Amino acid sequence: MEFSSSEDDELVEDFIDVVDDTGTAAVDQSVAVMSSQIHCIDHSDGSMLADGNDLLVAADELVKNGEPCLGMEFESDAAARAFYSAYALRLGFGIRVARSRTERRKGIEVLVTKRFVCMKEGHHKKKDVESSDKKRRKRLSIRDGCPAMMEVVWRRQEKWVIIKLVLEHTHDIVSPDKVREVQLRRLCGKEHADQLQEVRRNVFGDTDACALFTYLMRKQSENSGFFYNIQVDSRNCLRSAVWVDARSRMAYKYFGDAVYFDTTHSKNEHMLPFAAFTGVNHHGDSVVFGCALVLDKTESSYAWIFDTWLTAMDKRLPFSFTTDKGKTMTEAVAKVFPQCFHRLCRWRVLSRCKTKLSDVYMRFPGFHIELKRCVNECDTMPAFDMFWGSILDRYGLRENTWLGSLFEARHKWVPAYLASSFFAELSLTRRAETVSRFYKNNFTMRGSLLSFITRFDQHIDRLYTNEAQKDLASFPPEQLLKTNSILEKQAESIYTRAAFEIFQTELIESLHHYAVKVQDGPYEDKYYVERHSDPPTRHTVVYNIAEKKAWCDCCRFAFSAILCRHVLGVFILADVDMIPEPCITKRWTKKAKTGPVFVGLNLEGENQHTNSVTSRFNDLVRDAMKCAEKGTLSAGSFKVAKEVLRKAFREIEKLTNAGPQQVGNR
């Protein structure tokens, strides 16, 4: 299988973003990578020049053996890219990945070829499109047919070898005495404005951003609860945008405890720079909390996006914040969400493993399954460390730098190291639908940004419709229950079906464990819960009888808010027939969207600004949205909702017509 891709962010995402290490991977000369890194530098203290020189020194170190030559070997495709990137940086030209090829070996797609080319390689291909009144996005092109390239293939000796090489360029690069000056200028970010302008042209074409502005203003005129904000640069050109509709703001009040900033667009340079704030509702399905346009991928731009979105959510922080990649984004998260736990998306990490370890996957078909088991099934840190080490030893990977970097960053993405933080994951093996699937099904190179956003709005509508249908669905208990346990019957009556099925699995598993009380205290009892397995496992559970609270060292409840099999095993032994109230988290229940429960941490305090016009307006919008949500489910509920709203409006009109004094008295 052969494909073309811009993997401008590959090394940044793979190494720097996971480990926060600015080693050799940082010397990629691609303009996109450069601009995303240099804007983290503080220009006020003069450190920028020193950092730039350090980067250039690193580039010189990588290519100390001279120019690339046919037959040169590398340990991995990443090492080959790092070498060619450093070589390009030293000479003063940019590179990109023009072609990659994979082969299916033993049932696994294995990367076998990569071609790195000069940024000016090839020519822009004009596509024949049907005549239409619609304006298409026009893309700028800097390509002029330069043949400079380096192609490497993976040999069975587990080495990557240069098999094709062209060193000559058809355009002027920089004379040797000017190389340092140009390199430092690029590192200082002086080319960033031009790069950003090219991104804008790729996104908007000749229409500029007028269509987006019109869309946002129209949405707000249709619903005053719609929020949007635009960030512009010094030339008054669009830099970033954030928008959140009223439904998303209301959903955030109930399910905003764990947020994922989905930047699927970063996988490919041709994809629209569209991102979404998402979460998980009480049915375990994806819910959208807002959208963003990310033209400028710098720390300051990400910080503005996060802060603007947080303003739309009344400055209420989530408990955890998950992102796809690090470095500039990590710095922005630390700045805007200092009280939140920031983690890297483990699904993205595991996905990158398929590329970074393609040769291992081909030689050992069972490797990926073992790796996923290690990450998803180990519920304690020692268990993960032991399992991870056994994998490295079994497959001879102790010296693998990629796996080494992942292990060093395990506290940022491995569930066993994140057990004390809440991430709203009912299952570690099942992931709620993300924006990536929507991208796959809906993105087209010919489509405009506005048409893409319109389809995403329709996608959000389907999500809310699906949620409403699940809210109304009911099932006879006899179809769901598998035991005669009162605990199971109670759980079925209060949890949504998705949450109940996870609870049911844990309850059935608890029957295969046995609990032993090892300490009888005045307030707390201590238990060991074990299961005969290979290897045998033991967990410690502490049960506070007075407060009816239980804690297990697997920390499953803290991570997902569903009781684990170990605690349920203790409940069975202690004759606890009903789930204690402190052990029930409302966000997974059928009543998750009832009452004034607001999740997260309010930065402005619970009572601050409660009497402001804005606060009252937002509160009324949320109540009206609830009424609208329920009122659309049937003709009868629609009629009742209309009558109630009309009656309420008439009462409000009477009150306001009575004058300010009467309004205050009422």
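At 2% relative accessibility, Ser248 counts as buried, where buried means under 20% relative accessible area, exposed over 50% and partly exposed in between, with a 1.4 Å probe and protein chains only. The model that contains this residue is a predicted one, in which local features need pLDDT of at least 70 and side-chain atom pairs count only at pLDDT 80 or more, whereas totals for chains, interfaces and linings use all residues. Residues are numbered from 1 along each chain as its sequence is written, and side-chain values use heavy atoms, with hydrogens and water left out.

Ser248 lies in helix 8, a segment that runs over residues 246–255 and is mostly covered, since nine of its ten residues are buried. The buried positions of helix 8 are Ala246, Ser248, Arg249, Met250, Ala251, Tyr252, Lys253, Tyr254 and Phe255. Once neighbours within four places in sequence are set aside, Ser248 is in contact with Val288, Phe289, Gly290, Met313 and Tyr464, contact being defined as heavy atoms within 4.5 Å. At the start of helix 8, a side-chain oxygen of Asp245 reaches to within 3.3 Å of the backbone nitrogen of Arg247. A polar contact is here a pair of N or O atoms within 3.5 Å; within protein, one atom must be able to donate a hydrogen and the other to accept it, and residues adjacent in sequence count only if both atoms are side-chain atoms.

For the protein as a whole, the secondary structure comes to 25 helices and 19 strands, both taken as DSSP runs numbered from the N terminus (helices are H or I with at least four residues, strands E with at least two). Buried residues make up 50% of the 666 residues in the protein. Among contacts between residues at least 6 apart in sequence, 65% join residues at least 24 apart.

Helix 7 (residues 210–222) and helix 17 (residues 449–472) pack at an angle of about 30°, and their axes are 10 Å apart. The axes are lines fitted to C-alpha atoms, for helices over the stretch in contact, and the angles run from 0 to 180 degrees between N-to-C directions. Helix 7 and helix 17 are therefore roughly parallel to each other, as angles under 35 degrees count as roughly parallel, over 145 as roughly antiparallel, 65 to 115 as roughly perpendicular and the rest as oblique. On the side of helix 7, Ala211, Leu212, Tyr215 and Lys219 take part, and they meet Leu450, Ile453 and Asp457 in helix 17. By class, this contact has five nonpolar, no polar and two charged residues.

Helix 14 (residues 381–394) has 14 residues, which at 1.5 Å a residue should span 20 Å, and its end C-alpha atoms are 20 Å apart, in agreement with that value; the expected span is 1.5 Å times one less than the number of residues. Thr380 caps the N-terminal end of helix 14, with a side-chain oxygen 3.3 Å from the backbone nitrogen of Ala383, and just after the helix Gly396 takes a positive phi of about 65°. The buried residues of helix 14 are Phe384, Phe387, Trp388, Gly389, Ile391 and Leu392, and what covers them includes helix 13 (367–377) and helix 15 (401–408). Trp402 has its place in helix 15 and is buried, with a relative accessible area of 4%. Trp402 and Cys353 are 49 residues apart in sequence but 8.4 Å apart in space, C-alpha to C-alpha.

Arg346, placed in helix 11 (residues 346–356), also counts as buried, at 2% relative accessibility. Apart from neighbours within four places in sequence, Arg346 is in contact with Val375, Asn376, Trp413, Pro415, Glu425, Ser427 and Leu428.

Most residues other than glycine have a negative phi. Asp575 has a positive phi of about 60° although it is not a glycine, and its place is in the loop between helix 22 (565–573) and strand 19 (601–602). At 62% relative accessibility, Asp575 counts as exposed.

Conventions
Nonpolar A, V, L, I, M, F, W, Y, C, P; charged D, E, K, R; others polar.
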